[in-house]
Amino acid sequence: MNLLAGIGGFGESLWGYLLPFLFVLTVVVFFHELGHFLVARLCGVKVETFSIGFGKEIFGWNDRRGTRWKVSWIPLGGYVKFLGDESAASTPDRRRLAEIPPEQRGGLFYFKPVAQRAAVVVAGPVANFLLAIAIFAGLYTVVGQVIVQPVIKTVVENSAAAEAGFQPGDHVLSIDGKAIDSFEDMKRIVSLSSDVKLTFVVKRGGADVTLLATPRRQEVKDPFGNVQRIGILGLAPDTGEANWRVTRTDPVTSLWLGAKETWFIVSQTFTYLGRVVSGAEDASQIGGPLTIARVSGQVASVGFSALLNLTAILSVSIGLLNLFPVPMLDGGHLLYYAVEALRGRPLGDQAQEFGFRIGLALVMMLMVFATWNDLVHLFS
């Protein structure tokens, strides 16, 4: 009986992670591919397939223009396949293209002007950014934001904050010249600034005081028990009734705030990657499908609005990743088109094929590395 209960608990746990993971990834992938699809249709490109997932088809249907819409078994991405493509990565089938008469080439992506091809490619990441802005805006309008003022209640002894001279009652106004509106704003900057000296301006007793503090890298656990290595000052906010509020904004203001939040995620991602490259940060925080699944399940247990927030964050990350200038990704195609626009003709077939192979190798290496991090976190 205990064994059956254990199996039942495992099943519930599995579905508790799997269903939120499928929801988050499906929404993000669908809108990414929808961006490609809509701009391709606008440019008169013939779309053969719109797939959510890879591998064998589970179910699908054909629309009136002949596009096959389908859901496939491997839910780790998706693709839009144009007429004349050899694969889901939009590598052209040159043998097939050479056999198509000139009068029938109007609907082929490969023969479209470089500006139209670039527009189709960039539309996927742009759709991800727009989705994130829309989700953030909807949450700010409907659910609202809990704003905790950056007023300090506690300074941990022997911490970086104590050494810098922080005192209870300090109201943080800015960090390195950037205005701070909430304790969360300060926390997000500090967490990615371990071992970096930051300049704080605080209001103390009616006067502005400048403090220099260097966050220390420490391992901390989030409410779900996940361990992260982030910068810590050693401060706790004053959460008294006078220092926090829930704000709901009108749709126009929410869209602006959603755009700001999207840009913040982009800028912080570049900050983190830059610190990884420079050796100031380790790459252990880079996660793959298992991490996304675990976090999706954890966040879903908080509520649907939290899951939507995660969807927006992941949408920004997927859009940004696809813009990296690596062949096989959208950014790699854009790099090829930029070279073509400058040269007046595309790169040779061998050069493009070589680039795609390098891109495939880089993408596979990233997937293996991220999955390794996933397994390390899972078993630790």
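Which residue in S8 is the bridge partner of Phe200? The partner is Leu211. This structure is a predicted model.

- Strand S7 (residues 198-204) runs antiparallel to strand S5 (residues 171-175), and 4 bridges join the two.
- Within this pairing, Val172 has Val202 in S7 as its bridge partner.
- S7 also pairs with strand S8 (residues 207-213), again in the antiparallel sense, over 7 bridges.
- The Phe200–Leu211 bridge has its Leu211 end in S8.
- A hairpin is formed by S7 and S8, with 2 residues between the strands.
- In the turn of this hairpin, Gly205 has a positive phi of about 60 degrees.

**Nonpolar surface patch**

- A nonpolar patch on the surface is formed by Ile58, Phe59, Trp61, Trp73, Ile74 and Leu76.
- Together these residues have about 650 Å² of accessible area.
- Strand S1 (47-62) supplies at least two residues of the patch, and so does strand S2 (68-82).
- Trp73, one of the patch residues, is found in strand S2.
- Trp73 counts as exposed because its relative accessibility is 57%, and the cut-off for exposed is over 50%.

**Aromatic pairs and cluster**

- The count of aromatic pairs comes to 13.
- In the pair of Phe54 and Tyr79, the ring centres are 5.8 Å apart and the planes are at 15 degrees, so the pair is stacked; the limit for stacking is under 30 degrees.
- Phe54 lies in strand S1 and Tyr79 in strand S2, so this pair ties together parts that are 25 residues apart in sequence.
- Phe54 counts as partly exposed, at 30% relative accessibility, whereas Tyr79 is buried, with a relative accessible area of 11%.
- Phe270 and Phe324 form a tilted aromatic pair, at 6.5 Å centre to centre and with 35 degrees between the planes.
- Because Phe270 lies in helix H6 (residues 251-278) and Phe324 in the loop between helix H8 (304-322) and helix H9 (330-343), this pair ties together parts that are 54 residues apart in sequence.
- Phe270 is partly exposed, with a relative accessible area of 46%, and Phe324 also counts as partly exposed, at 25% relative accessibility.
- One aromatic cluster is formed by Phe30, Phe31, Phe37, Phe50, Trp61 and Trp69.
- Trp61 belongs to this aromatic cluster and to the nonpolar surface patch.

Terms used:
Residues are numbered from 1 along each chain as its sequence is written. This is a predicted model: local features need pLDDT of at least 70, side-chain atom pairs count only at pLDDT 80 or more; totals for chains, interfaces and linings use all residues. Side-chain values use heavy atoms; hydrogens and water are left out. Patches are made of residues with over 30% relative accessible area and no salt bridge: like charges are joined within 9 Å, nonpolar side chains (Val, Leu, Ile, Met, Phe, Trp, Tyr) within 5 Å. Accessible areas come from the Shrake-Rupley method with a 1.4 Å probe; for residues, only the protein chains shown count as cover. A salt bridge is a side-chain nitrogen of Lys or Arg within 4 Å of a carboxyl oxygen of Asp or Glu. Buried means under 20% relative accessible area, exposed over 50%, partly exposed in between (1.4 Å probe, protein chains only). Two strands pair if DSSP finds at least two bridges between them. Rings of Phe, Tyr and Trp (its six-membered ring) pair if their centres lie within 6.5 Å; planes under 30 degrees apart count as stacked, over 60 as edge-to-face and the rest as tilted.
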